[in-house]
Amino acid sequence: MPDIENILDQLEAIFDRSVANLRRALALYVREGVRPESQARAAGCFSYPELRIDYDPSSPPPLPARAFARLNQPGVYVASIARPRLFRDYLRIQLEHLCRDYDVKVSVGLSASEIPYPYVLDGSDDLQLGGIQSAELGRWFPTTELVHIGDEIADGDWDMSRHSARPLALFDGPRTDFSLARLRHYTGTPTEDFQRFVLFTNYVRYVDEFVRFAADVLREEGSGYQALTVPGGRYDRGMLENAEAEIASGSWRRYQMPAYHLVGPNGDDGITLVNIGVGPSNAKTICDHIAVLRPEVWLMIGHCGGLRPSQTIGDYVLAHAYLRDDHVLDDILPVEIPVPPIAEVQTALYNAAAMVTGEEEESLKKRLRTGTVVTTDDRNWELRYTDSALRFNQSRAVGIDMESATVAAQGYRFRVPYGTLLCVSDKPLHGELKLPGQANAFYERAISQHLRIGIETLNLLREEGDALHSRKLRSFDEPPFR
């Protein structure tokens, strides 16, 4: 069994050394105009560390039951690693599985990819570039080149014939760093604060309820949670006296998709809530970036229009299929590709609804409808209903929103278990439009319970462990790391 802790230490040491080299070289260029030596760059002074696994079995490979950390064929598997300290626990788990079940050689070295200089500047006060333009710096220092950043591995477009080694993970160093920088920009919170269990919502009132829930939990003795971090601040135990009011009036408005993190006992096993706002474009964007953090699961907890006359305002919709009229992923994941429900997530959502509402099965079934959700990219779809009526009817849809199918399709695409529980806020086809007075009364009645169901679902899924990661999400020729 390889010394995994030592391997992780090596990854961190190489990364830290490359970052320090890059920062020193930038400072020297700013002060004295000294360019970095081409020989030093060729030797890897700014390089990401590379993790390599050699697998040459003498007997047929084992077939573990889990959906990840599997080696399907002999070969060399490599990945450049960004921010190894941030991903240490994740890397440890992947390596422990592989090293326990397969006879592999694990090694660490320098990758061919260099760390782009903007990623070592983010948030730095001690390294001021003055009036130097990015184009000038890009001549002498590694920079973000989009030709080297993409999702070819995740999307199945990776060309084995052009490479001597196979990919070890879905995301390499440059792709990971790109998303980590974007996450802070969009959400207003450090990437270190993101938790492995994620809720998405499309209404700010869910944020208010989440903040109240998190503050109450942190005020309880023995809850295990450490802190609540929000755009612009962190609230530890003992700092919660005016937390709700301060957060509500804080800096979250500066950010397109503000995030809130209830930090778990182990630092990353708590809950993250992101208000993605309205629309499939935002939903795609945030999933593109959170995916590199390899969350355990993400759920969409928001509002929808009810499409059935038997539904009432405040009823729930548990999506088991999606009619994808969002269009943002059509070129990447064609609409004819099914996005299957994840059984463990569906069961947890239903069980959580029963636990939180306290209703018996027959009573709950009257309020919780399982069916197809339509996701559209047209907020005023009602004005074009005559063009959509046949498809809606053929799909047997029970609800319509603007985010859920996008979130689910992104989960399918990036191998992140997903699920959707929506709450009916209006019934446009049946004369119950979302008017201000009606909406406010609905929000007061429904949001607290709905959010609690989402949180309880994550608590149930946390107990699933490795079994949560369904083989439904794995491709035929999958990278070993989850």
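Tutor: Here is a walk through the aromatic pairs, ring by ring.

This is a predicted model, so a word on the rules: local features need pLDDT of at least 70, side-chain atom pairs count only at pLDDT 80 or more, and totals for chains, interfaces and linings use all residues. Residues are numbered from 1 along each chain as its sequence is written, and side-chain values use heavy atoms, with hydrogens and water left out.

A pair of aromatic rings is described by the distance of the centres and the angle of the planes. Rings of Phe, Tyr and Trp (for Trp, its six-membered ring) pair if their centres lie within 6.5 Å; planes under 30 degrees apart count as stacked, over 60 as edge-to-face, and the rest as tilted. By this rule the count comes to 11 aromatic pairs.

Let's start with Tyr-29 and Phe-141, an edge-to-face pair with 5.7 Å from centre to centre and 80° between the planes. This pair links distant parts of the chain, 112 residues apart: Tyr-29 sits in helix α1 (residues 4-32), while Phe-141 is in the loop between α4 and α5. Those element names come from DSSP runs numbered from the N terminus: helices are H or I with at least four residues, strands are E with at least two. Tyr-29 and Phe-141 are both buried, where buried means under 20% relative accessible area, exposed over 50%, and partly exposed in between (1.4 Å probe, protein chains only).

Now for another pair, Tyr-55 and Tyr-102. Their ring centres are 5.5 Å apart and their planes are at 85°, so this pair is edge-to-face. Tyr-55 belongs to strand β1 and Tyr-102 to the loop between α3 (88-101) and β3, so the pair ties together parts that are 47 residues apart in sequence. Are these two tyrosines buried or exposed? Tyr-55 has a relative accessible area of 5%, so it is buried. Tyr-102 counts as buried because its relative accessibility is 6%.

Back to the pair we started with: Tyr-29 and Phe-141 also belong to one aromatic cluster together with Phe-46.
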